[in-house]
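Please walk through this structure with the helices and the charged side chains in view.

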Amino acid sequence: MSKTTRRYLAFSKWRVQLYRSQKPRHSVRFFRRSRNHSLLWNFIMHGHYAGSPPSVGACEGITAWSRPTTRKLLHEAQARGFIELRPAPSDHRKRLIYPTPKTVSEYQAMVNGYMRLWKTLESE
């Protein structure tokens with residue numbers, strides 16, 4: 001069996017284990033529904049790690065959705081406990097988006113899983 005084939009098998013095994021996990025990552029599943037969901041999620045997480053949370057207006061400008069659809073998604077994510085909308089310190093009309101600790105934890109678990117998989121594939 002070739003090295004490439006072994007890598008593909010390792011990846012598929014890892015994905016099956018992930019989907020069968022007893023600890024579903026609800027925020028990850030929510031934000032991976034579509035390209036725009038993922039784009040918004042990564043924009044929010046980038047802001048979190050960069051120390052500069054995005055505003056609702058900034059999020060409306062990055063998706064291919066209409067402004068009302070983007071706002072609807074953000075409100076749904078907030079209702080599910082994945083993000084928090086808080087007023088900006090400098091302008092209370094502007095709302096900033098922060099991932100909740102649950103979302104950060106699930107995001108980190110996902111990234112750490114990819115990192116472990118990468119190390120496994122490199123070692124072969």
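How many residues does helix α3 have, and what distance does α3 reach from its first C-alpha to its last? Helix α3 spans residues 35-50, which is 16 residues, and reaches 22 Å between those two atoms. That is close to the 22 Å expected at 1.5 Å a residue, where the expected span is 1.5 Å times one less than the number of residues. Helices (H or I, at least four residues) and strands (E, at least two) are DSSP runs numbered from the N terminus.

This is a predicted model, in which local features need pLDDT of at least 70 and side-chain atom pairs count only at pLDDT 80 or more, while totals for chains, interfaces and linings use all residues. Residues are numbered from 1 along each chain as its sequence is written, and side-chain values use heavy atoms, with hydrogens and water left out.

Which residues of α3 are buried? They are N36, H37, L40, W41, I44, M45 and G47, buried meaning under 20% relative accessible area, exposed over 50% and partly exposed in between (1.4 Å probe, protein chains only). These residues lie on the same side of α3 because they cover an arc of only 165° around the axis, taken from the directions from the helix axis to the C-beta atoms. An α-helix has 3.6 residues a turn, so residues three or four places apart point the same way. The face of α3 turned away from the buried side carries the exposed residues R35, H46 and A50. After α3 comes G51, with a positive phi near 75°.

The cover over the buried residues of α3 includes α2 (26-31), α4 (56-60), α5 (67-79), β1 (83-87), β2 (95-99) and α6 (101-123). One of these elements, α5, packs against α3 at an angle of about 65°, with the axes 12 Å apart. Here axes are lines fitted to C-alpha atoms, for helices over the stretch in contact, and angles run from 0 to 180 degrees between N-to-C directions. The crossing of α3 and α5 is right-handed, that is, the near helix is turned clockwise from the far one by less than a right angle, anticlockwise being left-handed. Between the two helices, H37, L40 and I44 in α3 meet T70, L73 and L74 in α5, contact meaning heavy atoms within 4.5 Å. H37 has a relative accessibility of 9% and counts as buried. Leaving aside residues up to four places away in sequence, H37 touches F30, F31, W65 and L73.

The charged side chains come next. The count of salt bridges is six, each being a side-chain nitrogen of Lys or Arg within 4 Å of a carboxyl oxygen of Asp or Glu. In one of them, R33 meets E76 at 3.4 Å, N to O. R33 lies in the loop between α2 and α3 and E76 in helix α5, so this pair ties together parts that are 43 residues apart in sequence. Both ends are partly exposed, R33 at 45% relative accessible area and E76 at 27%.

R71 and E60 form another salt bridge, with their closest N and O atoms 2.2 Å apart. R71 is in helix α5 and E60 in helix α4, so the bridge joins parts eleven residues apart in sequence. R71 is partly exposed at 31%, whereas E60 is buried at 7%.
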